[in-house]
Amino acid sequence: MYAYIDGKLAFKSPAYVVIDAGGVGYHINISLHTFSKIGDVERCKLYVWLHVKEDGHTLYGFADEGEKRLFLHLISVSGIGPNTGRMMLSSITPEEIQNAIVQGNVTQIQRIKGIGPKSAQRVILELQDKLRKEGPDSLISMPANNTIKDEALSALVMLGFARNAAEKVIDNEIGKNTGTLTVEQLIKSALKSL
């Protein structure tokens, strides 16, 4: 429902922040990783995810899109809820979590409070292929001034294609066309080859 909330940072603690956006104060739960990334700024933009359940609606906020994407992967695993996902992101960095999952490092995941051996194995089993497919730089947010190639690659990865395969096809399509391509033309021609 919400992609991000941008506004004045009214309150900040290691567990949550309150962002005043348009006269409304949003209570947003955050990880320690996001807490350290925010720093002492007056204005703040957090990428958010809304958790809806019977007894309430809860917002979870992230300093960047990569952390949010990893959080959504983590909570897709059976037995891992939003609070456990936030605890995981608070215990070790998103990069360390991703590397541990891709490399199958059960002991690294098990060190996180609240994660036992079965949960750690389930996280690795369910997410290892997904995170390998996305590639190691999936946690890095794309720069604001994307090139046509970057935007097309990002779109194809979000559609579910492997990053390496999509990049090869895009490079091939760019090499074939001597004129300038729009993002849409590049994506359409790449989709024919994938």
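This is a predicted model: local features need pLDDT of at least 70, side-chain atom pairs count only at pLDDT 80 or more; totals for chains, interfaces and linings use all residues.
**View 1. The buried side of helix α4 and the helices around it.** In α4, which comprises residues 94-103, the buried residues are Pro 94, Ile 97, Gln 98, Ala 100 and Ile 101. Viewed down the axis of α4, these buried residues fall within an arc of 165 degrees, so they line one face of the helix. The elements that cover the buried residues of α4 include α1 (32-38), α2 (65-75), α3 (82-91), α5 (106-110) and α6. After α4 comes Gly 104, a residue whose phi is positive, near 70 degrees.

**View 2. The packing of α4 against α6.** The axes of α4 and α6 lie 8 Å apart, and the two helices pack at an angle of about 100 degrees. Since angles of 65 to 115 degrees count as roughly perpendicular, α4 and α6 are therefore roughly perpendicular to each other. On the α4 side, the contact is made by Gln 98, Ala 100, Ile 101, Val 102 and Gln 103, while α6 contributes Val 123, Ile 124, Leu 127, Gln 128, Leu 131 and Arg 132. Sorted by class, the contact of α4 with α6 has seven nonpolar, three polar and one charged residues.

**View 3. The buried face of helix α7.** Ala 152, Leu 153, Leu 156 and Val 157 are the buried residues of α7. Their directions from the axis of α7 fall within an arc of 135 degrees, so these residues line one face of the helix. The buried residues of α7 pack against α8 and α9. Gly 160, with a positive phi near 110 degrees, follows α7.

View 4. The buried residues of α8 are Arg 163, Ala 166, Val 169, Ile 170 and Glu 173. The partners against which the buried residues of α8 pack are α6 (117-134), α7 (148-158) and α9 (183-193). On the face of α8 turned away from its buried side are the exposed residues Asn 164, Lys 168, Gly 175 and Lys 176.

Technical notes. Residues are numbered from 1 along each chain as its sequence is written. Side-chain values use heavy atoms; hydrogens and water are left out. Buried means under 20% relative accessible area, exposed over 50%, partly exposed in between (1.4 Å probe, protein chains only). Helices (H or I, at least four residues) and strands (E, at least two) are DSSP runs, numbered from the N terminus. Contact means heavy atoms within 4.5 Å. Axes are lines fitted to C-alpha atoms, for helices over the stretch in contact, and angles run from 0 to 180 degrees between N-to-C directions. Angles under 35 degrees count as roughly parallel, over 145 as roughly antiparallel, 65 to 115 as roughly perpendicular and the rest as oblique. Ala, Val, Leu, Ile, Met, Phe, Trp, Tyr, Cys and Pro count as nonpolar, Asp, Glu, Lys and Arg as charged, and the others, Gly among them, as polar. The arc is that of the directions from the helix axis to the C-beta atoms.
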